[in-house]
Amino acid sequence: MSNSLPTTVETAPEEPGRGRLARQPAARPAAVVLENIGKRFDKGLPVLDDVNAVVRQGEFVALLGASGCGKSTLLNIIAGLDTPSAGALEVPSDGAAFMFQDSALFPWLSARGNIELALKLRGMGRAERHARASELLDLVRLGHSADKRPHELSGGMRQRVALARSLAQDRPLLLMDEPFAALDAITRDLLHDELERIWAETGRTIIFVTHNVREAVRLGQRVLLLSSRPGRVVAQWDVSEEHRTNAGKAGELTSEITGKLREEIRRHA
Ligand SMILES: Nc1ncnc2c1ncn2[C@@H]1O[C@H](COP(=O)(O)OP(=O)(O)OP(=O)(O)O)[C@@H](O)[C@H]1O
């Protein structure tokens, strides 16, 4: 762990598509650079202060922090949905796809229709849309439910459609704001496996916001911890092959991060 931040956080990512933890000797180019990012709404207290981080192309970063510490605000800034009050950032020129806790599907459209709409907004023609939507439905293992509407799908299935719709936007950066928080533990575990597979297959850069330390360790190659108000990167951990293959080691890391998170929550209670 390093807790001498804020300094710029950099690690070489692993190679997507070649196993989650196949380390890359050479660092990839940065996908997202955050430099001294600050955010204050109106005349209120700062929500974010001096946030520094670099996320490399193809990297999977979990962003962890107490409720209200500014995780969603930071994601909104990276997505270009909000502007920072201080600092500078670099993001991919073709923007980011966003996935939220609520699937936010159009209820009158089928699973296929929701995905095809995202493709249509990209200007894709009808035949190509149909073919691409079929591929994406297969990728999230929903080929058999293509014609169902959201109310006919379970919560986990709706999030799969939302994930396919995010991928339909074909952006290299995927921002996920607690996408599985409302799901039961078993469904969440299944979706963790699916997301890891899809990340490896698509090579997306993913920033995944969560409150859940176990989820952060399960998915992230790197876990960043934001302090409570003002939010700032106060610690980071690399999740190694050993953590992945050895449940005891993963448990130790989860306990260590939980301890640090509790410390942050207490400090601001
Ligand atoms: N548009 C806004 N105007 C004023 N205050 C805001 C706005 N958006 C967020 N905030 C405040 O900024 C703080 C951080 O909110 P944010 O949603 O980013 O936290 P979070 O870490 O994502 O929380 P949670 O984990 O509970 O979702 C909160 O105190 C919130 O009330």
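In the predicted model, six strands form an open sheet with the order 5-6-7-3-8-9 and mixed pairing.

Strands of a sheet pair through backbone hydrogen bonds, in either a parallel or an antiparallel manner. Two parallel pairs are described here. Strand 5 (residues 96–99) runs parallel to strand 6 (residues 173–177), and four bridges join the two. Within this pair, Ala96 stands opposite Leu173 of strand 6. Strand 3 (residues 60–65) is paired with strand 8 (residues 222–226), also in the parallel sense, over five bridges. Here Leu63 has Leu224 of strand 8 as its bridge partner.

In a regular strand the side chains alternate between the two faces of the sheet. In strand 5, Ala96 and Phe98 lie on one side, while Ala97 and Met99 lie on the other. These four residues are all buried, and both faces of strand 5 are therefore covered.

Two packed helices are described by the angle between their axes and the distance between the axes. The axes of helix 2 (residues 111–121) and helix 3 (residues 126–139) come within 9 Å and cross at roughly 125 degrees. Helix 2 is therefore oblique to helix 3. The crossing of helix 2 past helix 3 is right-handed.

The ligand is surrounded by Phe41, Val47, Gly65, Ser67, Gly68, Cys69, Gly70, Lys71, Ser72, Thr73 and His211. Helix 1 (residues 71–79) supplies the largest share of this shell, with three residues. Grouped by class, the shell has three nonpolar, seven polar and one charged residues.

Most residues other than glycine have a negative phi. Asp42 and Asp50 both have a positive value. For Asp42, phi is near 50 degrees. Asp42 is found in the loop between strand 1 (30–40) and strand 2 (46–56), and this residue is exposed, because 4 other C-beta atoms lie within 10 Å and the cut-off for exposed residues is 12 or fewer. For Asp50, phi is about 60 degrees. Asp50 lies in strand 2 and is partly exposed, with 18 other C-beta atoms within 10 Å.

Methods: Residues are numbered from 1 along each chain as its sequence is written. This is a predicted model: local features need pLDDT of at least 70, side-chain atom pairs count only at pLDDT 80 or more; totals for chains, interfaces and linings use all residues. A residue is buried if 20 or more other C-beta atoms lie within 10 Å of its own, exposed if 12 or fewer, and partly exposed in between; C-beta atoms are placed from the backbone. Two strands pair if DSSP finds at least two bridges between them. A residue is near a molecule or strand if its C-beta atom, placed from the backbone, lies within 6 Å of it. Ala, Val, Leu, Ile, Met, Phe, Trp, Tyr, Cys and Pro count as nonpolar, Asp, Glu, Lys and Arg as charged, and the others, Gly among them, as polar. Axes are lines fitted to C-alpha atoms, for helices over the stretch in contact, and angles run from 0 to 180 degrees between N-to-C directions. Angles under 35 degrees count as roughly parallel, over 145 as roughly antiparallel, 65 to 115 as roughly perpendicular and the rest as oblique. A crossing is left-handed if the near helix is turned anticlockwise from the far one by less than a right angle, and right-handed if clockwise.
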